[in-house]
Amino acid sequence: MRKEESLYPDGKIAVVMLFLMLWSHTVCKSHIAKCTTRDPLPILYKSVQKGDFMIGGIASPIYVPSEMVSFEALPNNILNEMAVAQTKNYQHVLALVFAVKEINEKLHILQNITMGYHISNSYFNAIKVYHATMELLSTKSRFVPNYKCDRENSPIAVIGGLKSETSFYMATVLSIYGIPQLTYSSALTMNDKVTALSAYHMVPDEAQQYKGILGLILHFRWTWIGLIVVDDERGEVFLQTMVPLFSVNGICLAFKEVFPQAAVIDYYMDILGYAQKILDVIMGSKANIIVYFGDAETVSYLRWLVKLLKTEFPMIKGKVGITTVQMDFSTNFYQRTWDLQVIHGFISFTFHANEPPGFQQFLHSRKPLQDKGDGFIRVFWEQAFLCHFSDSMLVKEFDENCTGEEKLESLPGEVFEMGMSGHSYSVYNAVYAVAHALHAMHSFSYKHQTMMGGKTWRHLNQQSWKLHHYLRRVTFNNSVGDEVSFDTNGVIKTGYDIVNWVTCPNQSFLRVKVGRMDPHNQVFTINDDAITWPTWFNQTKPLSVCTESCQPGQSKTMKEGEPFCCYTCNPCPKGKISTQKDMNYCVTCREDLYPNMGQYQCIPKYITYLSYEEPLGFTLAIFALFFSLITIWVLRIFIKNHNTSIVKANNRSITYTLLISLLFCFLSSLLFIGQPEKMTCLLRQMAFGIIFSVSVSCVLAKTITVLLAFMATKPGSMMRKWVGNKMANAVVLCCSLTQTGICIVWLATSPPFPDIDMHSVPKEIILECNEGSAIMFYCVLIYLGLLAFVSFTVAFLARQLPDSFNEAKLITFSMLVFCSVWLSFVPTYLSTKGKYMVAVEIFSILASSAGLLGCIFLPKCYIITLRPELNNREQIMNKKVK
């Protein structure tokens with residue numbers, strides 16, 4: 001990554017360290033009247049108040065451009081007239097001053113002594129930070145490290161700085177002396193163990209902020225986001241940490257842009273080039289959520305980009321920014337009239353803060369003409385209120401004169417906030433932490449009587465390194481009631497506030513607290529209703545996804561070559577469901593459930609079987625009874641006319657057997673209707689197979705009888721001995737017993753049984769009779785088919801034999817109907833499911849039986865009932881003669 005050389009002066013650090021170690025530590029005697037040393041380039045902006053114990057501080061309320069060191073002329077402070085006040089940072093100074101004021105007024109903390117402070121400006125420059133840190137260890141107005149004139153005290157602890165780099169530079173010096181340092185910048189990992197032992201972090205670990213950002217994005221279910229990160233070491237750590245976290249939690253990056261540090265950009269065209277690239281990416285992306293990681297200068301930089309390119313780019317609409325705690329929003333005096341809508345609706349993480357009692361009144365009391373010890377207030381006042389004091393050393397930018405009576409509460413929020421900020425609250429707690437540690441240290445020493453009287457406090461002032469033991473163990477409740485304590489790593493146990501940036505048309509700016517994250521208590525809360533979203537979204541929660549969520553009833557299919565957040569939504573396959581949004585796959589319902597129409601819910605299947613109550617079952621039962629009655633009527637006619645020629649013409653006993661078997665065929669179909677039970681399942685197929693075998697055997701016997709009768713009429717025919725009832729009875733008995741044997745084998749090996757079919761029909765649980773053995777079932781059908789085929793063949797051969805009562809023609813036609821029905825039955829039966837399979841079988845039984853009954857017996861019934869004159873031997877003989 002690119003870094004400005006002045007921000008990381010590694011060579012200068014080594015020189016400074018060597019300089020400090022070689023310089024002898026000397027304290028002037030009290031009688032020395034004068035010290036002739038002086039600081040050739042003093043720190044101009046500082047705030048000092050004397051006290052028995054001094055707290056050092058390095059804040060960042062004023063930025064001063066730095067000149068290039070040429071080593072050809074003495075350094076000077078000429079650039080101080082170009083100072084730019086970071087007006088919001090001035091509150092950090094006031095928080096320290098306010099805390100010291102409170103402690104001095106609360107005698108129970110530090111009894112009979114006072115606390116003072118020495119706060120210097122960091123200038124946002126590494127060299128100046130080292131300079132200011134070493135000045136804390138020097139005599140007032142004399143920059144000689146390790147050299148103290150008179151009885152001035154070294155700081156018991158030092159608070160600072162705003163940026164983690166500043167804190168590191170301070171720690172490099174302070175760790176040599178073991179002086180405790182309390183930082184209010186994000187915790188920066190320090191590899192130097194000695195340095196780490198001297199630092200206490202008044203703000204939570206930055207890793208917790210990463211978890212908070214992830215939790216916020218997951219809370220709103222945003223899966224398609226953009227990243228814009230500053231090009232420095234911390235930005236690189238952020239990317240290395242967050243990108244894997246996003247991926248693991250189902251979040252994809254629409255884009256990832258790295259922009260240079262503001263101090264690295266040297267030319268106007270460079271700014272335009274970076275701006276054009278970043279804004280092109282932002283506006284061209286579907287991502288509505290952008291995570292910004294940078295610092296306070298980053299916000300100013302982004303505003304510069306929009307300002308410079310306002311004629312080329314529209315307002316960045318429809319984008320919600322998530323910013324880190326380092327990106328505190330502030331406005332320089334030359335940016336006061338710039339549009340703030342670019343940040344409207346942003347969500348930011350800030351250090352947890354509360355309002356100490358009396359802080360507002362303290363702010364109201366600040367007057368630049370009265371606070372002589374405050375070296376920051378005049379620069380702040382001039383650039384906050386856009387005016388000048390008559391004796392101002394700054395370049396004159398404004399026409400108004402400052403009166404010193406201006407009101408801080410009149411300033412807009414982006415210039416100065418009256419409510420205590422997270423950084424200021426951390427400074428406030430840091431001062432109290434030092435005071436409580438001093439109190440504990442003094443109490444311990446007093447109890448053990450190692451030091452007595454007033455010498456106790458003076459001796460403690462020279463042993464600041466001992467304060468570490470008490471700082472690590474300090475625990476107290478501040479004036480707001482918040483508990484302050486450190487963990488084992490010296491990091492304060494606190495969390496983050498989640499705030500919403502709200503801008504108004506009059507350029508006012510507000511921070512609205514909408515949530516809290518406390519990693520120590522495992523708390524993450526956010527009030528969705530309190531958030532003000534950018535106007536583009538019409539106050540509805542923004543969506544930021546690559547693909548709209550797949551609805552229940554659909555599953556995701558990844559797009560090849562694209563991030564896993566980009567996918568297509570496909571309906572679930574038949575028989576499967578998805579109950580939630582964005583499911584990766586569909587699942588199958590339990591056997592007793594089936595998918596609803598939208599395939600997002602499983603509902604119970606309904607139980608079904610062919611019953612008498614439903615129209616189909618009722619209709620089939622009516623037909624079965626109707627044909628049974630017809631059969632009985634025919635049988636009655638034949639019995640009543642059993643001595644007539646037609647009845648006696650073709651084996652009367654076989655005719656009766658056929659009619660009775662047909663009657664049972666019709667009645668057997670009723671076994672297939674109703675809820676399957678064990679007995680009905682055993683009987684239905686057996687009865688069907690055996691009874692139909694008897695019927696077809698009777699037809700075959702009648703056909704053979706006709707054929708043999710005409711063959712026996714030929715002179716010398718050997719067939720005469722086969723003609724008679726014995727032959728017909730033998731055929732019926734033999735064929736029927738064969739089918740009975742097949743059925744017995746079926747019952748013995750794998751009998752039918754009641755079963756439940758949950759798979760054939762998606763929405764139904766079918767109560768059915770399981771055939772037990774499909775092979776045996778088809779053996780029964782094949783045997784019936786074989787008998788029918790033989791009967792049809794024999795009848796077809798005998799159809800031309802002369803006889804008025806030749807049944808061969810009628811049998812041929814009846815067997816044609818019979819075979820057609822059962823040939824159609826097989827494919828139809830196999831293609832239907834559930835109760836309709838049973839209905840197909842019943843229909844085939846009724847149709848084939850009715851075919852036999854109608855084709856063979858209706859013509860005879862016609863002659864017997866309507867043409868009785870034809871039912872005599874003479875008529876038959878006359879036809880034979882003809």
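Cys-387 and Cys-402 form a disulfide, with 1.8 Å between their sulfur atoms. I use the word disulfide for a pair of cysteine sulfur atoms within 2.5 Å. In general terms, a disulfide is a covalent bond between the sulfur atoms of two cysteines. The link of Cys-387 and Cys-402 is right-handed, with 100° about the S-S bond. This pair links distant parts of the chain, 15 residues apart: Cys-387 is in strand 16 (residues 387-388), and Cys-402 is in the loop between strand 17 (400-401) and helix 12 (422-447). Helices and strands here are DSSP runs numbered from the N terminus, a helix being H or I with at least four residues and a strand being E with at least two. Both Cys-387 and Cys-402 are buried. Buried means under 20% relative accessible area, exposed means over 50%, and partly exposed is in between, with a 1.4 Å probe and protein chains only.

Before I go on, two remarks on the model. It is a predicted model, where local features need pLDDT of at least 70 and side-chain atom pairs count only at pLDDT 80 or more, while totals for chains, interfaces and linings use all residues. Residues are numbered from 1 along each chain as its sequence is written, and side-chain values use heavy atoms, leaving out hydrogens and water.

How many disulfides does a search of the whole structure find? The search finds 7. I will describe two others besides the pair I began with.

One joins Cys-550 to Cys-569, at 1.9 Å from S to S. With -90° about the S-S bond, the link of Cys-550 and Cys-569 is left-handed. Cys-550 lies in the loop between strand 22 (523-526) and strand 23 (554-558), and Cys-569 lies in strand 24 (residues 567-571), so the pair ties together parts 19 residues apart in sequence. Are these two cysteines buried or partly exposed? Cys-550 counts as buried because its relative accessibility is 0%. Cys-569 counts as partly exposed because its relative accessibility is 26%.

The other is formed by Cys-681 and Cys-769, whose sulfur atoms are 1.9 Å apart. The torsion about their S-S bond is about -80°, so this disulfide is left-handed. The pair links distant parts of the chain, with Cys-681 in helix 18 (residues 678-711) and Cys-769 in strand 31 (residues 764-770), 88 residues apart. Cys-681 is buried, at a relative accessible area of 0%, and Cys-769 also counts as buried, at 8%.

Next, helix 11, residues 377-385. It is mostly covered, as 8 of its 9 residues are buried. Among the buried ones are Phe-380, Trp-381, Glu-382 and Gln-383. What covers the buried residues of helix 11? The cover includes strand 4 (62-63), strand 5 (84-85), helix 2 (90-105) and strand 16. Strand 16 is where Cys-387 sits. Helix 11 is followed by Leu-386, which has a positive phi near 55°.

Now helix 17. Its 17 residues should span 24 Å at 1.5 Å a residue, and its end C-alpha atoms are 24 Å apart, which agrees. The expected span is 1.5 Å times one less than the number of residues. The buried residues of helix 17 include Ile-654, Tyr-656, Leu-659 and Phe-666. Phe-664 also lies in helix 17, but Phe-664 is partly exposed, at a relative accessible area of 44%.

Phe-664 is part of a nonpolar surface patch of about 330 Å², together with Leu-625, Ile-660 and Leu-667. Helix 17 (residues 652-668) gives the largest share of that patch, 3 residues. Patches are made of residues with over 30% relative accessible area and no salt bridge; like charges are joined within 9 Å, and nonpolar side chains (Val, Leu, Ile, Met, Phe, Trp, Tyr) within 5 Å. A salt bridge is a side-chain nitrogen of Lys or Arg within 4 Å of a carboxyl oxygen of Asp or Glu. Accessible areas come from the Shrake-Rupley method with a 1.4 Å probe, and for residues only the protein chains shown count as cover.

One more residue is Ser-814, found in helix 21 (residues 808-831). Ser-814 is buried, at a relative accessible area of 0%.

Last, the whole chain. Its secondary structure comes to 23 helices and 31 strands. Of its 882 residues, 53% count as buried. The chain exposes about 41,500 Å², and carbon and sulfur atoms supply 60% of that.

Key. Contact means heavy atoms within 4.5 Å.
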